Amino acid sequence: MYTVKEMFFSIQGEGRNRGRYSVFCRFTGCNLWSGREKDREKAICNFCDTDFLGTDGINGKKYKSPNDLVNQALSIWRTSDKPFIVLTGGEPLLQLDDKLIDELHYNNFEIAIETNGTIKAPNNLDWICVSPKADTKLEQLKGDELKLVYPQENIHPKDYEKLEFQNFFLQPKFDKNYKKNVLAAKDFCIKNLKWKLSYQMHKFIGVP
Ligand code: SF4
């Protein structure tokens, strides 16, 4: 059984795969925040801008089997490109298992995951994007993309530079100080060329 908040076809708006057609599968639940506003202040991760509670989004429901979920993903794939699915959340590694990975691969999907890195990812995924959060223990120490929300208290980009990632992105924190955060992230990237700016295109062009 997989509890999914929403599943939809769109364009990846951030990171190295920006601009790529994708099925987004957002799993319900996260291990760093309950998703309820009343718990935000005490949450380990308290700046989340994603609704990952319940199953009330488009194509959201409890999928009974890997086949059930993959059939839904295939039914919304719209191009002749190799199908590409982004497993996100919440924290997708709370639910992802080998059976679902195998069923997605069997149906020719390339699988990307966006995780907070506190749970080790299976090694047969096609794209691993880790977004570390302050005051957590990072278990996933390698991958394709490290995407750090910036700025965060108690966390510094330099602390991650030695990890085994192919791409390093700074993503301005999307809060009331957004403009200031964009400038700070841009300044950091210009001074530290290992890092690239990840701009959340989807927030500005009206795609989910
Ligand atoms: S780890 Fe990600 S999904 Fe979980 S609360 Fe933080 S930003 Fe939201």
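Student: Which residues does Phe169 touch, not counting residues up to four places away in sequence?

Tutor: This model is a predicted one, and contacts in it are read from C-beta atoms that lie within 7 Å of one another. With residues up to four places away in sequence set aside, Phe169 touches Gly15, Glu145, Lys147, Trp195, Lys196 and Ser198. Phe169 itself belongs to strand S8, which covers residues 164-172.

Student: Is Phe169 buried or exposed?

Tutor: One counts neighbours: a residue is buried if 20 or more other C-beta atoms lie within 10 Å of its own, and exposed if 12 or fewer do. Phe169 counts as buried because it has 25 C-beta neighbours inside 10 Å. Of the 208 residues of the chain, 35% count as buried.

Student: Where do the nonpolar residues gather, and which of them have the most contacts inside the largest core?

Tutor: In soluble globular proteins, nonpolar side chains tend to be buried together. Here the largest nonpolar core holds 36 residues, and those with the most contacts inside it are Cys25, Ala73, Ile85, Leu87, Ile111 and Ile113. Take Ile85: beyond its neighbours within four places in sequence, it is in contact with Ser22, Val23, Cys25, Ala73, Leu104, Phe109 and Ile111.

Student: How many helices and strands does the chain have, and in what order do they run?

Tutor: There are four helices and nine strands. From the N terminus, the order is β-β-α-β-α-β-α-β-β-β-β-α-β. The radius of gyration is 17 Å, close to the 17 Å of the globule rule for 208 residues, so the chain is as compact as a globular protein of that length.

Student: Which strands does S1 pair with, and in what sense?

Tutor: Strand S1 (residues 2-11) pairs in the antiparallel sense with strand S3 (residues 61-63) over three bridges, with Tyr63 as the bridge partner of Tyr2. S1 also runs antiparallel to strand S2 (residues 21-27), to which seven bridges join it; there Glu6 has Arg26 as its bridge partner.

Student: Which strands run parallel to S6?

Tutor: Strand S6 (residues 127-130) is joined by four bridges to strand S5 (residues 110-115), and these run parallel. Two bridges join S6 to strand S7 (residues 142-150), again in parallel. Val130 can be followed through both pairings: it is the bridge partner of Thr115, and it stands opposite Leu146 in S7.

Student: Where is Pro151, and what kind of peptide bond joins it to Tyr150?

Tutor: Pro151 lies in the loop between S7 and S8, and a cis peptide bond joins Tyr150 and Pro151, with omega about -5 degrees.

Definitions and conventions
Residues numbered from 1 in each chain as written. Predicted model: local features only at pLDDT ≥ 70, side-chain atom pairs only at ≥ 80, totals over all residues. Rg over C-alpha atoms; globule rule 2.2 N^0.38 Å. Pairing = 2+ DSSP bridges. Core = buried A, V, L, I, M, F, W, Y, C linked by C-beta atoms within 7 Å. Contact = placed C-beta atoms within 7 Å.
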